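Reader: Walk me through how to read a structure like this one, feature by feature. Start wherever you like.

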Amino acid sequence: MESVYSYYQSLLFLILGFSLFTGLEVLSTDRKSTRNRLLFLASLSLSIWIAFILIAEGVSSYSTALLCRRIASFGWSTLYAYILHYAFILSNGGKVVVHRKSYFLLYLPALLFFSVNGLISSLAAGEYTLRWIMGRWIYVYTPTFWNGLFKVYYISYSALTLFLIFRWSRQGQQNKREARVFGAAYGLAILLGLGFDFYVNHYRPSTVLSLYPAFSVFPMAAFFWSVRRERVMISLGYSEIGEGDSVLTMAERRRYYHYTGAILIFLSLLHAMANLMTDRIAPLSLPLSMVLLLSGSSLFFLHGLVHSNWIRETLLIATLNTTMVIVLFYFYRGGLDHFVWPLPVFFTLTSVLYRRKIMLALTTFISIAATLEYAHFLERDISSVLPRIIFYLAFAIVAAYIHRVYLDRLSINEKQIYFQRMVTQISSKLVSINEENLEDRFLSILEDLGRYFNCDETYLISYNRDNRAVNNVFHWGANEKFLGWETLSDLSEGRSNWILSHILNNKILIVDDLSEIPSEGGWIVENFSPTLRSLAAVPIMSKGKILGVLGLNSTVSGAFSSYPDRERMFRIPANLTADALIKIDSEQRINYLAYYDPLTELPNRSLFYDRLEKAAALATRTGKKAAVMMMDLDSFKDINDSLGHDAGDLMLRQVAERLSHRIREYDTMSRFGGDEFLFVLSQVENRGEVTNIAEKLINAMAEPIKVAGESFHITGSIGITLFPDDAKGPDFLIKNADMAMYASKKKGKNCYTFFESEMKEGAHEKIRLTNELYRALEKEEFVLYYQPQLELEGSKIIGMEALIRWNHPEKGLLPPSLFIPLAEDIGLIGPIGRWVLETACFQNKMLQEQGFPPVKVAVNLSIKQFAGGVLTEMVREILVNTGLESQYLELEITEGIAMGDSLAVQKTLHELSDMGITISIDDFGTEYSSLSRLKQMPVDRIKIDKQFVQGINLSQNDESITGFIVDLSKSMNLKVIAEGVENPEQMAFLADKACDEIQGFYFYEPLSFEELGEVFSKND
């Protein structure tokens, strides 16, 4: 029986150590987790239960044994409540789903049982039956009302816990494994507990060993396994940043606590096993083992549970010295002093590692006091222990010397570490610095510098690298105490030559005492606060250019003299600040390029879109409107081409400056590229308000603009659209303004037009037609019609004009007036013009090969076809490919082309004329013609515009103009042809004026190529 009891005590002691270890380990993993705290409390309850049962069974006094049993009741009464609470938290995803006060009901039974079995003496005495058997107080189970009620309590709580664990397993696949382990462990504990109850109730042995604590270890082990292996709870880890109060690093301190705690735990288990496995337990051996276990566990987890170094070391001092006193007392009483008297040496060595001198003094004092008490207890002479006392004192003196050396080294290391830490903090703050957090970051850095150097004031002045103008001033003062810094805010002042010579030569200016400042720097004393005693000004340079000045001011003389390498210490933050200023300057330049037009310094497209979206959002909130206006300069291209791009850019800058003063402060003007300007008008009440601003912009262009010594009058056309009336999206608003602007140009320019919905329909039609026009050549949808030209007298066909038509698959045959201007705008006139010319020459040659009399075919040319200087070669190539002789080709140009100033056009016309091609002027009389230039042009025929021909017999002016053109042509030996002839009266008038040729519906409408062949056959 004695050996069984020894094994039983050994088992409980091991469970005690495991429970205490797991509880502290879980709490040190994450102290803020509610689940971790509950698991720690459960472990603590189990530890209290086991510890006081072991003590109760080992003491000789009945009253002491009963008291320990009553204290142990706190453990077994609260354990099941903690586990159930843990299951509640676990099943709800770690969240507290009810009010914290509601958990009082959960712990009410535990409080009741602890009161009955522990707190209330009269009731507790009746709940315990203790018998002295084999030198121990053994608990004898007695069935009572409270014992039966406790069984109901722990069975019901356990069943509810298992149910919650089962519900938790249904919440996710990842929970099933943990739930199976938890359920199996807790179910095993309950089954063993019920089996033990059945044995006690039916067989009623006289003495029963309390095995309930042993059963409880199963769920505790399962919960601990989930923490360490399955990572149900999150670990906070350890901070590697110490507080500078030890020569040990944070990691080394943590290892010291772990090693010391582990040694004490090992000694505790070794001592307990050595005593429990013997036939007779030595007095106080079990309490000593528990003290060692408790001390070791506390030290093992002390670093993780307590973050303050001071509190941590205070607990270390108290724990180590208390343990040392108990160990010395225990072994001295047992006559084993020769084994443990060197123990204080270990604690003395430990005290050297820390700055707490009390550790050294207290350890020495306790070791000497314990030795003297030992001599007094055994009634020995002091001389017998004097060598030990001398050894303790000598070792303490050596340790004190080493301690002082450590402190000196530590002080140097502290300053260096603190400076490195400050530099690291400054670097981390400057890494992510930008325009938005610029002020906060620099003020924080200035405060760091001020705190480290113990200054009253720090400041940073940043300059423009080009002209040394001040960009920003950042200023920090301890307790809002400012001594002055304005004297460094302008490096161009003559009085600052003394400091300027230092700053611009990249020299640090350090003044330890203002009374020793040279006379040329006396203005500093005059302008700074009278309390200023020392200062430092550090230049911030990059590639030889001054970026700024970093300054420190102090009311203490020689404030910086205690820093041995102060210039290097000043340079490091200055260099970091230089990098930050360069970064900010680069970001500002990038942002400027990203959001502003470099020519006019106006917002560009990106920033305009942002302002437009904000104006629209504000209009939505306030119920007002926003307006978008687009202004395009009229005839700017002509000025740009004639004066050059430099003059054009100068004009754009002047226009931008003039227009920007005509809008409100909270409006936005942007350059969209070329000569287009867009405006966003915010918080508009009505159209009248927009009209007033549009008229101001129009009037702003009334005065001439001087460029390159000349004055130019330039106008602008404006389109206006309103938000939210016309559109809501930025892109649609801009498109609407663009359509309205083109409507202003059609009206005659130099005006403004509000957007109308009809404009959008026309724009959509234009877009659709454009897309279809690109595919028309590929699909061969173009055809040529021909209108014959006849002699006036004989009505003989002497030529024909090629007229292009678009055989649209949906809209039918479209005249050139609907798509030729569009083709010119989108750049398709080149390939379309070539197709017309090539087809006309080919079909004319076919007529000749069919035996019909050869006649000329007239083809209209666009001004766009003269671009690039390739027209002559193209015509020559087509004539060669089709075999048509040049005398049978006539090229028609408008009066504007013929009378233009382009030398390239005139050269091309002469080249075509030299090839034998007839050149005629179409629509003559509709524009201004210079007779002298007409005389020099290689023109063979003049074509009277049909608007004058159709005015015959209707308008005297039209008849006069028609007659004048015929007479002019005759006088210049030019053939004249009248187009648009539709009645006999017009024929009679033209015959009277001796017009050479006619063309019109009076004889023939435009004919297809097949119809033209039939007409030639009849005439032939």
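Author: Let's begin inside: Asp597 and Arg671 are both buried, where buried means under 20% relative accessible area, exposed over 50%, and partly exposed in between (1.4 Å probe, protein chains only). Keep in mind that this is a predicted model, in which local features need pLDDT of at least 70, side-chain atom pairs count only at pLDDT 80 or more, and totals for chains, interfaces and linings use all residues. Residues are numbered from 1 along each chain as its sequence is written, and side-chain values use heavy atoms, with hydrogens and water left out.

Reader: What do the side chains of Asp597 and Arg671 meet in?

Author: A salt bridge, at 3.3 Å from N to O. The rule is a side-chain nitrogen of Lys or Arg within 4 Å of a carboxyl oxygen of Asp or Glu, and by that rule the count comes to 19. Asp597 sits in the loop between α19 (566-595) and α20 (605-622), while Arg671 is in strand β9 (residues 668-673), so this pair ties together parts that are 74 residues apart in sequence. Those element labels are DSSP runs numbered from the N terminus: helices are H or I with at least four residues, strands E with at least two.

Reader: Which side chain does Glu890 meet in a salt bridge?

Author: That of Arg941, at 2.2 Å, N to O. Again distant parts of the chain are linked, since Glu890 is in strand β19 and Arg941 in strand β21 (residues 941-944), 51 residues apart. Glu890 has a relative accessible area of 2%, so it is buried; Arg941, at 5%, is buried too.

Reader: How do I read a pocket?

Author: Rolling a probe the size of a water molecule over the atoms shows where empty space is left. On a 1 Å grid over the protein atoms alone, a cavity is a set of points where a 1.4 Å probe fits but cannot get out, and a pocket is an open set with protein on both sides within 12 Å along at least five of seven lines; lining residues have an atom within 4 Å of a point. The second largest pocket holds about 1100 Å³ of space.

Reader: Now the surface. Where is a nonpolar patch made?

Author: By Phe104, Leu105, Leu108 and Leu111, over about 400 Å². Patch members need over 30% relative accessible area and no salt bridge; like charges are joined within 9 Å, nonpolar side chains (Val, Leu, Ile, Met, Phe, Trp, Tyr) within 5 Å. Leu111, found in helix α4 (residues 103-119), is partly exposed because its relative accessible area is 43%.

Key:
Accessible areas come from the Shrake-Rupley method with a 1.4 Å probe; for residues, only the protein chains shown count as cover. Grid points are joined across faces, edges and corners, and a volume is the space filled by probe spheres set on the points.
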